[in-house]
Amino acid sequence: MTSSEHPDGIRLQKVLSQAGVASRRAAEDLIAAGRVEVNGEVVTEQGRRVNPDEAIIHVDGTRVNLRDDLIYLALNKPKGVHSTMSDDRGRPCVGEYLMGRYEETPGVVHVGRLDENTEGLLLLTNDGDLGHRLMHPSYQVLKTYLAEVDGLVPRGLGKELRNGWELPDGIIKVDQFRVKDMHSGKSLVELVIHEGKKHIVRRLLKDTGHPVLKLVRTAVGDVQLGNQRVGSIRRLTKGEVGSLYRAVEL
């Protein structure tokens, strides 16, 4: 018996089917093609039994979520809402957006924070391992922001920011930067950054001489805000969850 096999477990193709990966017949084809790993071992024989409570399964390199008690949510946080699950001063907070649907699900918390005046994508989950890694600086998960700033951004600023901009607490490098529009003495810029320091986007742009007038986070890793309505909350798709697992090497 191999280390990934569990004699009292469930057949692998059934586990994949129950997880919504594919029909049982299609799951058998995935296994036969060598596209399924259990605990780091490629499994090609049919009928392998696994314990879904313990096994770590990947299909095409993407981890499969086997637990139905874990939820993954995307909130389009409005301006003026605090990134807390509750607030003893009665201020609007993220926890209020779980009411009516997810407040009975234990352990759901926001992953990182957006300041009160920043809008956009905020992830929430009760998957502690994933949440911890998404916030840990060593995994350098990319976040994308759209910022309206004061002033017309000069040509070459993006290159300077990519090379590194010195702030009082260290040199900050953005991963991508582009100007999307300039009009009426204002600029619309998009930047991608893995740095997670407090208020880093606002501090960085202010230091360049272009203070932020409006800031929206539009993506975390491959999870996009898209056209999600402000104040709405939705479940992430299996593909989105898988992309977050990949980003933090789970």
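β9 gives the most to the lining of the largest cavity, three residues; strands (E, at least two residues) and helices (H or I, at least four) are DSSP runs numbered from the N terminus. A cavity is, on a 1 Å grid over the protein atoms alone, a set of points where a 1.4 Å probe fits but cannot get out, and lining residues have an atom within 4 Å of a point. This is a predicted model, in which local features need pLDDT of at least 70 and side-chain atom pairs pLDDT 80 or more, while totals for chains, interfaces and linings use all residues. Residues are numbered from 1 along each chain as its sequence is written, and side-chain values use heavy atoms, without hydrogens and water.

The largest cavity holds about 40 Å³ of space, a volume being the space filled by probe spheres set on grid points, which are joined across faces, edges and corners. Its lining includes Tyr 72, Val 111 and Leu 244, and α3 joins β9 in supplying at least two residues each.

Next come the pockets, open sets of points with protein on both sides within 12 Å along at least five of seven lines. About 750 Å³ lies in the largest pocket. It is lined by 32 residues, with Gly 112, Arg 113, Gly 196, Lys 197 and Arg 217 closest to its centre. α3 (128-135), β10 (143-150), α5 (200-207) and β15 (212-220) each give two or more residues to that lining.

The second largest pocket has about 610 Å³ of space. Among its 25 lining residues, Ala 19, Asn 65, Leu 66, Arg 67 and Lys 238 are closest to the centre. α6 gives the most to this lining, with four residues.
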